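I want to go through the folds and contacts piece by piece.

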Amino acid sequence: MKEKLSAFKLHKTPQLILFVAFVIVTSLALYFSQKSVISFLLLLSSLLFLYYMNLKNRTKWMIGLILLFILIPFASSGGPAFQSYMEVATMVGIYVSMALGLNIVVGMAGLLDMGFIAFFAVGAYAYSIFATPQASNFMPFGHYPLDGNSFWAFLIIGAIAAAITGVLIGVPVLRVKGDYLAIVTLGFGEIIRIVFNNSDSPINFTGGAMGIASVAHPKIFGYELSFPNQFYFVTLVILLFTLFAVLRLERSKLGRSWKAIRENEIAAQAMGIPLVKTKLMAFALGASFSGMMGVVFAAKQQFIDPTSFTLMESFTILVMVVLGGMGSVPGVILGAAVVTILNLQVLTELTNWVNQLNLSGVVSIPDALSPAKMQKFIFGALLIIFALYKTNGLIPAKNRVFDEKKLASDKSNSKDNDPKGNPMTTLKDKDSKEQTKIYS
Amino acid sequence: MLHEMIQSLPQVLIDGLTLGTVYAVVALGYTMVYGILQLINFAHGEIFMSGAFIGTAILIAFSSMGLLHSIPSILVVIIMLVVAAVLTGFLGMGIERVAYRPLRNAPRLIPLITAIGISFVLQDVVRFIAELAKGNYIITGPSLFTKQIHIPTSSISSVFHDSSFKTSFLLVLIIAIILMIALDFFVNKTKYGTAMRAVSLDRDTAALMSINVNKIISVTFFVGSALGGATGVLFAVQYGTIDPYIGFILGLKAFTAAVLGGIGNIRGAMLGGIILGILEMFAAANLSLLTGGVLGAEYKDVFAFAILILVLIFKPEGLLGKPVAEKV
Amino acid sequence: MKFKKSLTLLLSGALIAGVLAGCSSKSSDSSDGDSGGSGGKVIKIATQSPLSGGSAILGEALKLGAQLKLEEESKKFEKLGYKLQLEPYDDQGDPKKGVSNANVIGADKEIYGIIGHLNSGVTIPSSEVYEKYHVAMVSPAATAVEVTERGLKTVNRIVARDDFQGPAGAEYAVKELGAKTAFIIQDKTAYGQGLADEFKKAIESQGAKVVGYEGITVGEKDFNGVINKAKSQNPDVIYFGGLYAEGGLIIKQAREKGIDVPIMGGDGLDSSGLVDIAGDKVANTYITSVAGDSTKTESGKKFVEDYKAKFNKKAESYSVYGYDSMGVLLKGIEDAIKANGDKLPSKEKVAEAVRAVKDYKGALTEVSFDDKGDNTKAKVFLYKFDKASYPPALQGEVSQ
């Protein structure tokens, strides 16, 4: 049996056949059923299987893109629950992107930021204020609301606004370290929320607790985007951009500097890495992805108020990163998807099911124990279990493995990467389980 | 403007002192644990909350048995305090055992994450116990010590208004002071206290001096958590109404107090707590006067967090902290 | 290594599960079709209210009230050849959740109307979605002005707006309580602030002076700072915009500080929880509420008895509003069906017919919608707490 399995893992063809069969079955099930959350989730999970398959990276990306852009939207369009699947998928996209942003700060640079949702709020408010008459309360020039075409510009403005906020918070905050940093960022997150909640007087900037309603829908070529399936594609494109940027960053000089700081700040400084600048870059870049998604969230939701940006949301994103594996891009994507789907679909379905049971009188489960209320308990338990037993998360972060011989033969490369003395480069067995410790 | 502020000053001081003593005793728990493990025990706020719930449960049980009128209230409070302190003490020890001890050599961010996890789990467990028992997680216990005491502060000087407080304020103040003195004595004069200070100074050397480090850490958690739980009872007696979410923000503020006074420093925590309580109450009463109505009482939390951030940035060792701080 | 092995197992396991899921959902699908065929055309009504979380009791009450009406009316619709079905959704009092559910509801071709929501904060974003799908919504409880001010065609409510409730309170404070000065506290939420702002506007226009306007934080227990400020201003009345948990503590702490002037509040204080928290300190507290006492009318009494018989629970203040909202919605649907020659009308037609409802007599309220979707016959009721008991004593009612 074992041999067969290991043979299976090496051979592409049976893997591919099984994979294609799986995708076809789940897609068909999804397409022809009225509402089948299970088949929707299974279809989504095919992306995870794809990640583990023994294929070339390029092939995996191709298949993944086909699944995301064509198959998933098409397969879920069969039943009446189409828009609700797309809604969930859009939310997953938004959270994945935010978790990738936080992963830069927490996972790569090792700075525990517990007020991350503030950047999301900055992006969301940036668009909401200008895409509603709100801006005319304090802007001396211009005509508001801006129409939906401005959405695309605001994606960039939102990202920049969030990045600036990140730097502004970062400059004072980065003087403190470790646990203190966690507390200070938490404090800043709360301050930003309270300020948004209260800046409706004397000048009405944010609408205060009343929030901002009727935010303009984005427009493209005069065509208004308002349905979840349209936002799905918007989110997907931005997410892919984020993913591309994060993957490039991880392997850039900056990414390596982040990891160096994470592992040992003093040693990193000794190697000539500018601490403050590098940390600020982590804050700013992480924040900008979050801010961009904030704009999408505001446009999709059409209503923004401070209750969407509480501490709990910051913790939720942190849970995603910890669950997936700090510093690991595929892990964080998985973590964010799992948590969002758990929140939006699994817990809801379970609650409905329990409600049905209660109504029909089969069993009587007290309201206090209804699954939708257990969110905190589940998050707490996940945090504890993963911190204790699986510190590296679902998909642990891996550093790129270099082949020493190949590097030595390629002299021009060896100068850049300096393989000698680095323990990672001596790893020859690709399947070796040795991984870098996340923090020291 | 100044006139109005001074008028209400005696009352603000009294209310600030009530809140401040609560912060001070909770801050002790943070400071002790931080002193010995260099760990922010995020779950401490929830231990405080559990103490408040245990106390209220006892109080409700007493009143449903009709015992409230036959035993003197002070005895009831003492029973509540002792039971809550012992139970939360063990709870704290248990948390250390499960969530922190296995991670003692792990990277420093990991215990912080378990601490948040523990905090969530405790909140939710208390919530559903309360909801199962009472149908609602906001619990109000029978009131004790409601007699009002009036102090004619206006007779001292006519610039002051009169002020008043509940007798429970005196109770909170006296018990908190007793607790703080007892802790100071415990840490500075007893064998365990000496061992605790030794462990916080240098864990490895302490172990070589035949100190059982694990046991001392457990004792520290027990004492710190028992103090937190007892404060929870005081809070419940003073304010009457509690819910499972009182611990989190209060814990953060108590942590602020500990940082303000100099973390790891017991007397600093007491001072920091009282200063923070008074400042917060002053802000709530006077912020809108000071800023001409631009900022109101709703900014008082911003005020508290801003203090935390400013202290951490400009004077990380706190008010009473010295370069070689006297740690627990 | 390990992962790749388990991957294989996982993949094959998932494949089997997928096949099973496909089959099971397909079979349930076909059985659905069968039942649909035998019972005539299906009209589904959705309810959205918090069935879990802090305000689950009120959310549940709305749903059960609506359910009762739906079951009573189902015979009538069966004669017309339609089968009524209720689909309850849980919005958890969370705008994100509400919008996500709204998309599901909107996309369902058989859902012709929504009863919901409890909170204005959820109603506002969710109704934007309903508007997209042209599904009629009748809210039994959302009072914020903005709910109907956005000019949406599908949004209706049967309760009074904040800018009617606030002024009603202000008028009572000035005329009956003789207030010349008022101190206003609000909880910085959409609900509390909306109500407090309307009260402030109204009482200023009545000639009284607002001597202080402060915000508090939800979830706190110590409000002495704000109360000290109130005490130093010595107002004739204190108004609180917010919910009972904070309201109860403010009343208690204010009385302990020796403030004995009347304290007023809105429908957020209309709960037995207020009495639990404030105890006998609750005396001399006035509240305005959009929920009337259903035991005052004949039809209301009948409703309370039916509700008790059916669900074995006491009717909450909002149960009857769920019941009447459903009544209005079904009336609209019935009108639309009749106007369409007993054929199933489009969702737009239903929304128009619901908006056109005039002089509907429910168990407690009369309903006539104006062109914004507000009920012109909505009333505000004034209650006073004299002692630590709930419900408080009715002082009077104000209609528009």
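Which domains does the domain assignment of chain C give? I found domain 1 (40-160 + 295-369) and domain 2 (163-289 + 382-399), with bounds that come from an automatic or database domain assignment.

Before going on, I noted that this is a predicted model, where local features need pLDDT of at least 70, side-chain atom pairs count only at pLDDT 80 or more, and totals for chains, interfaces and linings use all residues. Residues are numbered from 1 along each chain as its sequence is written, while chains are lettered from A and ligands numbered from 1 in the order in which they are written.

**Domains of chain C.** I looked up the centres of domain 1 and domain 2 of chain C, taken over C-alpha atoms, and they are 31 Å apart. Seven residues of domain 1 of chain C are in contact with seven of domain 2 of chain C (contact: C-beta atoms, placed from the backbone, lie within 7 Å).

I traced an open sheet of five strands in chain C, ordered β2-β1-β3-β4-β5, with parallel pairing. Helices (H or I, at least four residues) and strands (E, at least two) are DSSP runs, numbered from the N terminus, and two strands pair if DSSP finds at least two bridges between them. At the edges I found β2 (82-90) and β5 (155-157) of chain C, each pairing on one side only.

I then checked β3 (residues 111-116) and β4 (residues 136-139) of chain C, which are joined by three bridges. There, I114(C) has M137(C) in β4(C) as its bridge partner.

Helix α4 (residues 120-133) of chain C lies across β1, β3, β4 and β5 of chain C, at about 160 degrees to β4(C). Axes here are lines fitted to C-alpha atoms, for helices over the stretch in contact, with angles from 0 to 180 degrees between N-to-C directions.

**Chain B.** How many residues of chain B are in contact with chain C? I got 29, meeting 25 residues of chain C. The chain B side divides into ten nonpolar, 13 polar and six charged residues.

Last, I looked at α2(B) and helix α10 (residues 246-261) of chain B, which pack at about 75 degrees with axes 8 Å apart. Therefore α2(B) and α10(B) are roughly perpendicular to each other (65 to 115 degrees).

Terms used
Two residues are in contact if their C-beta atoms, placed from the backbone, lie within 7 Å. Ala, Val, Leu, Ile, Met, Phe, Trp, Tyr, Cys and Pro count as nonpolar, Asp, Glu, Lys and Arg as charged, and the others, Gly among them, as polar. Angles under 35 degrees count as roughly parallel, over 145 as roughly antiparallel, 65 to 115 as roughly perpendicular and the rest as oblique.
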